[in-house]
Amino acid sequence: MEDLGPLVQSYPSDNGRRLRQAVACLVATAGLVPLGLLMVKLDEYLYGNTPAETSMTAPVWAGSACFGLSVLLLPYGLRRLVQGLRHRGERINLHAGGFVHHRNAGARTEFRWNDIAVVDARGNWQPGKLGHRIGIDWRCVVKRADGRKVVVNSFFPGARDLADRIARAAAPRPH
């Protein structure tokens, strides 16, 4: 890494936030499924032998909502859990001549400024909003000419600053 020059700044990933989201979603799912079952049983208890004009009683609506929400939260929680475990220790070290993307288990990828083909930032940075807290409001994909890439999103504190620095440093210079 000495050929990339001195270290300018390090940007560690906020992996704890990913794992907290995973745990919250999985715990909520574990509570919503039994609650949904309880609502269905309550409906059977209250209205089981009574002919009704509609089968959509309040307990059925509540139970359906619990099941529907758990169907959304389970895959999201599992995805965040896998990402949290796979991205432990992830950070991007910005150097004078490029940057290095460090992943867990010592894996790393070097990006020299002149090897970067694309810096594509998309979305609307919205701090404090739900999309920002769950890391889906904004992202920047940095691709090398050989196809290797790294994605920077709001799970990296200072992500916009990092993306701006990469875009300025990788921009073609007139000769």
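Me: How many helices and strands does the protein chain have?

Reply: Helices (H or I, at least four residues) and strands (E, at least two) are DSSP runs, numbered from the N terminus. In this predicted model, where local features need pLDDT of at least 70, side-chain atom pairs count only at pLDDT 80 or more, and totals for chains, interfaces and linings use all residues, the protein chain has four helices and seven strands. Along the sequence these elements follow the pattern β-α-α-β-β-β-β-α-β-β-α. Residues are numbered from 1 along each chain as its sequence is written, and side-chain values use heavy atoms, with hydrogens and water left out.

Me: What radius of gyration does the protein chain have, and what would a compact globule of 175 residues have?

Reply: The radius of gyration is taken over C-alpha atoms, and the globule rule is 2.2 Å times the number of residues to the power 0.38. For a compact globule of 175 residues the radius would be near 16 Å, whereas the protein chain has 23 Å. Taken along the principal axes, the C-alpha atoms fill a box of roughly 85 × 35 × 30 Å.

Me: Which residues does N15 touch, beyond those up to four places away in sequence?

Reply: Contact means heavy atoms within 4.5 Å. With residues up to four places away in sequence not counted, N15 touches Q83, G84, H87 and R88. N15 itself lies in helix 1, which covers residues 15-47. Its side chain also reaches the backbone oxygen of H87 at 3.1 Å.

Me: Is N15 buried or exposed?

Reply: Buried means under 20% relative accessible area, exposed over 50%, and partly exposed in between, with a 1.4 Å probe and protein chains only. N15 counts as buried because its relative accessible area is 9%. Across the protein chain, buried residues make up 35% of the 175 residues.

Me: Why does G123 count as exposed?

Reply: G123 counts as exposed because its relative accessibility is 53%. G123 is found in strand 5, residues 116-123, and, leaving aside neighbours within four places in sequence, G123 is in contact with D137 and W138. The C-alpha atoms of G123 and W113, ten residues apart along the chain, are separated by 24 Å.

Me: Among contacts between residues at least 6 apart in sequence, what percentage join residues at least 24 apart?

Reply: For the protein chain, 60% of the contacts between residues at least 6 apart in sequence join residues at least 24 apart.

Notes:
Polar contact = N/O pair within 3.5 Å; in protein donor to acceptor, adjacent residues only side chain to side chain.
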